[in-house]
Structure formats: structure tokens, C-alpha cells
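Have the viewer open as you read.

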Amino acid sequence: GALVVTPGMMEGPCDAYGFSLQRRSPASETASSSDTGEEARRRCEKREKKNRKRWETEWPRPVQVASQPSPSPTSSLGDWLRWRSLKAMCREGIPPTLRGAMWSEASGASGEKERATADYGSLADAGKEATNHQIDLDLPRTFPDHPFYQTAEGRAALRRVLVAVGAYCEAEGGYCQSMNYVAAFVLLAVDRDEERAFWIMAGVVKRKVLQDTWSERLLGCRVEMEALGTLLRKRDPKVAAHLAAIGCDVSYFATDWFLCLYCKSLPSETVARVWDSFLLEGPKVLFRVALAILGSCRGEILSCGNPGDVVTVLRRAQVDLHDRCALMDQAFAVGSLPMAKIDKYRSRASVSAPE
């Protein structure tokens with residue numbers, strides 16, 4: 001679903017989720033009209049419109065396939081074909097009106113809700129005092145320019161979702177800063193349906209990201225940074241060698257990508273497309289998108305002389321990545337990237353908790 005933005009809520013053009021399209025690039029003083037990526041967005045909408053017809057024809061089969069575990073070597077040919085078909089459809093983008101239902105199944109949210117002993121209402125009123133205090137500190141920092149989060153109603157809705165996530169996912173470390181951006185985006189993407197946003201968040205924390213990604217020491221995220229560094233050395237040794245030569249660790253620019261699952265880095269319509277595949281296929285999609293972003297800035301990165309310049313180049317590029325179709329095409333053109341390979345790189349990571 002897409003947020004309906006009423007006139008007067010925000011000056012200038014907005015995207016489907018209510019974010020301003022005049023976001024200023026960090027390296028430029030003024031926002032130019034090209035920053036809105038109007039032409040790229042139009043092209044993508046045209047392509048996604050064709051894909052929408054297929055979704056409407058096949059519905060509700062996609063949601064039924066998404067509710068099943070991904071096929072194993074012993075699965076039937078039919079199961080594999082249905083899975084491959086759904087994967088291809090998600091890679092082309094889920095229609096916004098069907099995203100809520102599809103994300104609920106693909107994230108494991110529906111199963112999580114069925115098995116849970118607590119309901120959303122009671123969880124949203126729970127939470128530890130220290131956690132709730134941290135959430136209250138983070139709320140005003142979360143997309144402060146978005147009209148929904150400028151309202152008391154919007155901040156209260158996000159607060160309830162975050163308190164519930166902190167309480168329900170206590171075994172995984174509870175609430176952690178950066179979850180606020182993820183939940184805020186999901187809440188907008190599912191038409192502000194708090195309960196649906198909460199269960200999708202629960203599915204993501206428990207099933208979709210590496211364990212300890214959002215732990216106090218961010219150990220899982222640090223493992224992902226090492227895995228991404230290894231992947232980059234294998235896929236683009238020239239860029240990896242240049243980054244090493246100028247002392248630029250991938251964590252300098254990619255930590256936000258993995259901690260906020262791109263919600264804080266890319267335009268929201270592009271984030272939604274990343275999530276369409278991420279929720280179905282898992283975290284390997286996050287690595288594919290990272291390689292695609294780095295690939296799109298390859299020439300500029302190779303001419304950077306220090307880590308600060310690399311970070312600036314990537315930040316400037318990512319806020320203007322409105323061509324979500326081109327980004328996802330590039331992400332899936334980087335060659336085979338099975339989860340087993342990511343797991344192998346993860347297992348080599350030498351990460352320990354800082355003293």
C-alpha cells in the first residue's frame with residue numbers, strides 16, 4: 001500500500017510513501033529538479049504496471065506459495081517451479097496494494113503470529129523502562145521530515161510498534177537503535193497497519209537477518225561487514241584493493257545498509273523493491289544490492305583518495321537511486337550468490353565483542 005499524502009502536508013513533490021522527492025544530496029547545497037528522478041520513476045512505474053497484471057491474474061497463488069518454506073533438495077519439481085516463478089515476480093516488484101499481504105507471508109510474520117502466546121495490544125503496552133526511554137529518545141530522530149512522523153499520532157503508532165518489538169524479541173536482544181528506521185518504513189509500506197508492521201518486524205528480527213545483527217554489540221552486523229568485504233574481494237578485487245589501500249573498511253559506508261536494511265539510505269520506493277526480494281529470498285539480497293550500489297559508483301570510488309570521499313560519493317549516489325528497476329536488475333546480474341557462499345564468508349569472520 002502507499003500512503004495518501006494530502007495537499008499541504010509537505011511542500012514539493014512526494015513519492016508513493018510520502019517522502020519528499022527534494023531531498024538534498026549531502027554534497028550539494030541545493031536540490032535540483034533532477035534529484036527527483038522523475039523520468040526514472042516514470043519508466044519504473046510503466047514496467048511495474050505490466051508486472052502488476054501478472055500478479056492480479058495469479059492472485060492469490062503467490063501468497064500461498066510464499067507461506068510455504070522455500071523448497072529443499074527433496075521438494076517436488078512443481079514446488080520448485082512455483083517458487084522460481086514467485087521469485088521472478090518478486091524481483092520485478094510486488095504491486096503496492098498486495099505488499100502488505102505478501103510481506104506478511106514472506107517474512108514469516110503470519111506463522112509467527114499464529115504461534116505467539118502474546119498479542120500485539122499487550123506487547124505494545126509492555127517493554128522495559130530503559131528500553132522505552134531509548135525509544136522515546138529515538139522517535140524525534142526518525143524521519144523527522146516525513147509528515148506522518150511530524151504528528152503525535154504517527155510517533156505514538158511507531159512507539160507502540162517498537163515497544164512491542166523490544167518486548168517480543170527480547171531473546172534476540174530486544175530493541176536496538178536503527179530498528180526505529182526499519183519499523184517506521186514498514187509502517188508506511190503497510191498503510192500504517194500497526195499490527196501487521198509489528199509482526200513483519202518480528203519475522204525479520206527472528207528469521208531474516210543474521211542473529212545478533214541488532215544485539216547490543218552489533219556482533220551480527222560486524223560479521224556481515226566482514227562477509228561483504230570478502231565478497232567484494234572475490235567479485236571486484238580492483239575496488240577492494242583500492243579501498244584497502246586508502247584505509248576504507250566497508251563498514252564505513254555499509255553499516256547503515258545492513259543495520260537499517262537500506263530504509264535510511266535509499267529512496268523509499270527503491271527500498272520497497274529491495275524488500276520485495278529480501279523478505280522472500282533472505283539476506284543474500286542485501287549483499288546483492290550492496291554490490292550493485294558499489295558497481296554503479298565504481299569509477300568514482302577508484303578515484304577517491306580517502307575514506308571520507310568514498311562515503312560522500314556513496315551517500316550522494318544512494319539518495320538519488322530512484323531508478324529502482326535498474327538497481328534491482330544490476331543486483332540480480334552480479335552472478336550466482338547462493339546463501340551457502342554467504343554463510344561460508346560469515347563463518348570466516350573473526351569478530352569478538354569489544355572490551
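What follows goes from the core to one helix packing and then to the aromatic pairs.

This is a predicted model, where local features need pLDDT of at least 70, side-chain atom pairs count only at pLDDT 80 or more, and totals for chains, interfaces and linings use all residues. Residues are numbered from 1 along each chain as its sequence is written, and side-chain values use heavy atoms, with hydrogens and water left out.

The largest nonpolar core has 110 residues, and Trp214, Phe253, Trp257, Phe258, Tyr262 and Trp275 touch the most other members. (Such a core joins buried Ala, Val, Leu, Ile, Met, Phe, Trp, Tyr and Cys through side-chain atoms within 4.5 Å; buried means under 20% relative accessible area, exposed over 50%, partly exposed in between, with a 1.4 Å probe and protein chains only.)

Why does Trp257 count as buried? Because its relative accessibility is 0%. Leaving aside neighbours within four places in sequence, Trp257 has contacts that include Tyr262, Ala290 and Leu314 (contact is heavy atoms within 4.5 Å).

Phe253 counts as buried too, at 7% relative accessibility. Phe253 and Trp257 sit four residues apart in helix α13, about one turn (helices are DSSP runs of H or I, at least four residues, and strands are E runs of at least two, numbered from the N terminus). Trp103 and Trp275 are both buried. Their rings make a tilted aromatic pair, 5.6 Å centre to centre with 35° between the planes (centres within 6.5 Å; planes under 30 degrees apart are stacked, over 60 edge-to-face, the rest tilted). That pair links helix α4 to helix α14, 172 residues apart.

Note on methods. Rings of Phe, Tyr and Trp (its six-membered ring) pair if their centres lie within 6.5 Å; planes under 30 degrees apart count as stacked, over 60 as edge-to-face and the rest as tilted.
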